[in-house]
Number of protein chains: 2
Amino acid sequence: MKRRYLLTPGPSQVPSFVREALGREMMHHRTEEFREILKVSGEGLKEIFCTKNPVLTLASSGTGAMEAAVTNLVNKGEKIIVLRGGKFSERWAEIAKAWGIETINMDVVWGTSPDPVELDKLLTANKGVKAVYTTLCETSTATVFDIKSLAQVTKKHNVMIAVDAISGLGQDLLLTDEWGVDVVVSGSQKGLMLPPGLAFISLSEKAQAAAMTANQPTFYFSLKKALKNYEKNDTAFTPAVSLIVGLKDAVNAIKEDGVAARFVRFAKMAYAVREAGKAIGLTVYSKRPSDSVTAFHVPEGMKAKEIVKKMRKEYGLSIAAGQGEELEEKIIRIAHMGWVNEQDLIMCFSLLEKVLKDMGYKIKIGASVARFQEVIYG
Amino acid sequence: MKRRYLLTPGPSQVPSFVREALGREMMHHRTEEFREILKVSGEGLKEIFCTKNPVLTLASSGTGAMEAAVTNLVNKGEKIIVLRGGKFSERWAEIAKAWGIETINMDVVWGTSPDPVELDKLLTANKGVKAVYTTLCETSTATVFDIKSLAQVTKKHNVMIAVDAISGLGQDLLLTDEWGVDVVVSGSQKGLMLPPGLAFISLSEKAQAAAMTANQPTFYFSLKKALKNYEKNDTAFTPAVSLIVGLKDAVNAIKEDGVAARFVRFAKMAYAVREAGKAIGLTVYSKRPSDSVTAFHVPEGMKAKEIVKKMRKEYGLSIAAGQGEELEEKIIRIAHMGWVNEQDLIMCFSLLEKVLKDMGYKIKIGASVARFQEVIYG
């Protein structure tokens, strides 16, 4: 008998009130009742996305919405820039390659954010770029990109910017309309406190216009179709009914907390996590740490996967190791997104201390927890 | 306070034991525990699909898997035949058109099945056809297509055949391997007793080989990627965890009933439905009625949508009207798939009798229910 605690950077915890909603009796989707649920959840998503524009709901993983954000905005032979600094920002380039889109990759050192000045130079040197694709929280390095500054640059060059906010949405500040972000993509299983299975995409007027005239072959992920149905509180294809029923309750709960209040709360929580780690000698991997997930270098001589395995096998608590050959054994990642709260993190550090000590790391038991408490409650 | 009864041809009823599974605590998907769930549900799907080949699970509606069945098998400029006789078989042609695939449509009168002899002629006259796309249960007309005979013809011409079994799977007999069907597509929300949000696709060796060399731009729906991950009991992208947890319990329950026994049971149930309707003077729309859903002509002078609306508003029971301008007011459709049982249908006819009587239809109350009971229990 072991209790389980989920602190991985997605899927994230699903609260019991959402799990209850998921298990309700099935309803038909072409009904007034369901259209009302779609409408309410859609309005809630707008608040969370900080936009007045439509936020479309698709039945797919986040990657499906990323592909839609490429194929509905950019035609074959057109040119884009991808700002890369980790596994997930690289995915934009993989998608573009699959679709025959000319791609300029602007790579940054992992753990850092793309430099707006470099982007400005690149856009000046390369005329005719249709859009810039990048990432809010690069989950693989636990780094938040400076979307505000990057969007200023794309605005200056009159180029669209699309942001993968799959793991960052709801924690890492993203003022979509105010910053002039054209496309924001997200998924259900992180900040939105649902199981995976829904993807979301917001579109500025410019992005909507592009979607209406795109000529890549799309069907299931046609945003033109999705937009037409969105206006009628409907979906182009059978929606994932139970997840959307849960979504309504999840977004309502987030609105009750307050979207702005939550940004502040997660920023403080993330700061407390970094401070707690430092209190036991751990160093933060990222130069620009995210408020959704924190990565620590593992202590000298230790392997990340072993720490993660011991945490899960011995105490039922799941955190993540690194991603990709270079990083997988070098960092551990602790998520603070969605339903995760301060007490979850205190518990996490109490177990991390124990596991590291068992593995031979010199540590004063209680130090990280005390520092965490001090930051949050002191 | 009104009880609700769902007898629409999708989404279909979700049993309480599956709804309980959907509401369980979230788990991480890159774990042994989840891989085991994927494996067990995948093995169960093979039994239900009547195939020894892989059945891939995708996070999307059924239409996503239909698109995958086109884009991963047929390249741009190649030629296919679509056998059409209703709204859903037409979708194959819409997808092919979006992807620039040359399409020969063989249309049949709605409510009938494509003629294998005609297909034989068409394949003889048109060399170089890559695949034939068609439908098991054409939901819009409640008609089952003669897949066995059609597959004999495609086999003779050494052409692949892909079948949309989204609504038919589990009720309408489909012996995938024995009949030589290369691709079968289905969804979660019909015979499999789950909410919508998962799609499935089985691939013969020939279809797998085609998927490995396809050159259309695909990413999220790349079956090459899906097949590679399938071998490792994994998924290419974040799977819809809660739905897959429910899937395992649903397929296990179906296996316990027995896949073959269920085909027989639904055939009998569908026969009883047709007989019950006839006992109150209703006529069956389809010339080749499906075992998953039955369509009746509405009585002279009545409108299908009004019958459906009264059933739902006054008694909480949902059936469906027709689809498409021509049929929407002409037929009512009653589903018998997945979790629906004989008692649901007795209840349905008892209410249908009442509603038709209230609308002025001359009827002997009890006649359809009595005939249904006689067929099933007599």
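The crossing of α5(A) and α6(A) is right-handed, a label used when the near helix is turned clockwise from the far one by less than a right angle, with anticlockwise giving left-handed. This is a predicted model, where local features need pLDDT of at least 70 and side-chain atom pairs count only at pLDDT 80 or more, while totals for chains, interfaces and linings use all residues. Residues are numbered from 1 along each chain as its sequence is written, with chains lettered from A and ligands numbered from 1 in the order in which they are written.

**The α5 and α6 pair in chain A**

- Helix α5 covers residues 116–125 of chain A and helix α6 covers residues 147–156 of chain A; their axes come within 9 Å and cross at roughly 20°. (Axes are lines fitted to C-alpha atoms, for helices over the stretch in contact, and angles run from 0 to 180 degrees between N-to-C directions.)
- That makes α5(A) and α6(A) roughly parallel to each other. (Angles under 35 degrees count as roughly parallel, over 145 as roughly antiparallel, 65 to 115 as roughly perpendicular and the rest as oblique.)
- On the α5(A) side you'll find Pro116(A), Leu119(A), Asp120(A) and Leu123(A), which meet Ser149(A), Leu150(A), Gln152(A) and Val153(A) of α6(A). (Contact means that the C-beta atoms of two residues, placed from the backbone, lie within 7 Å.)
- Sorted by class, this contact has five nonpolar, two polar and one charged residues. (Ala, Val, Leu, Ile, Met, Phe, Trp, Tyr, Cys and Pro count as nonpolar, Asp, Glu, Lys and Arg as charged, and the others, Gly among them, as polar.)

**The sheet in chain A**

- Seven strands of chain A make an open sheet with mixed pairing, in the order β2-β10-β9-β8-β5-β3-β4. (Helices, H or I with at least four residues, and strands, E with at least two, are DSSP runs numbered from the N terminus; two strands pair if DSSP finds at least two bridges between them.)
- At the edges sit β2 (55–59) and β4 (102–107) of chain A, each pairing on one side only.
- From one strand to the next, the twist averages 20°.
- β2(A) and β10 (residues 198–203) of chain A run antiparallel, joined by five bridges.
- Thr57(A) has Phe200(A) in β10(A) as its bridge partner.
- Helix α8 (residues 205–213) of chain A lies across β8 (160–164), β9 (183–187) and β10 of chain A, at about 110° to β10(A).

**Two domains in chain A**

- Chain A splits into domain 1 (5–11 + 259–377) and domain 2 (16–257), with bounds that come from an automatic or database domain assignment.
- Taken over C-alpha atoms, the centres of the two domains of chain A are 27 Å apart.
- Their contact takes 25 residues from domain 1 of chain A and 29 residues from domain 2 of chain A.
- On the domain 1 side, α11(A) gives the largest share, five residues.

**Over in chain B**

- Helix α3 (residues 62–71) and helix α4 (residues 87–98) of chain B pack at about 55°, with axes 10 Å apart.
- That angle makes α3(B) and α4(B) oblique to each other, and their crossing is right-handed.

**Where the chains meet**

- 41 residues of chain B are in contact with 42 residues of chain A.
- The largest share of chain B's side, four residues, comes from α3(B).
- That side of chain B divides into 19 nonpolar, 17 polar and five charged residues.
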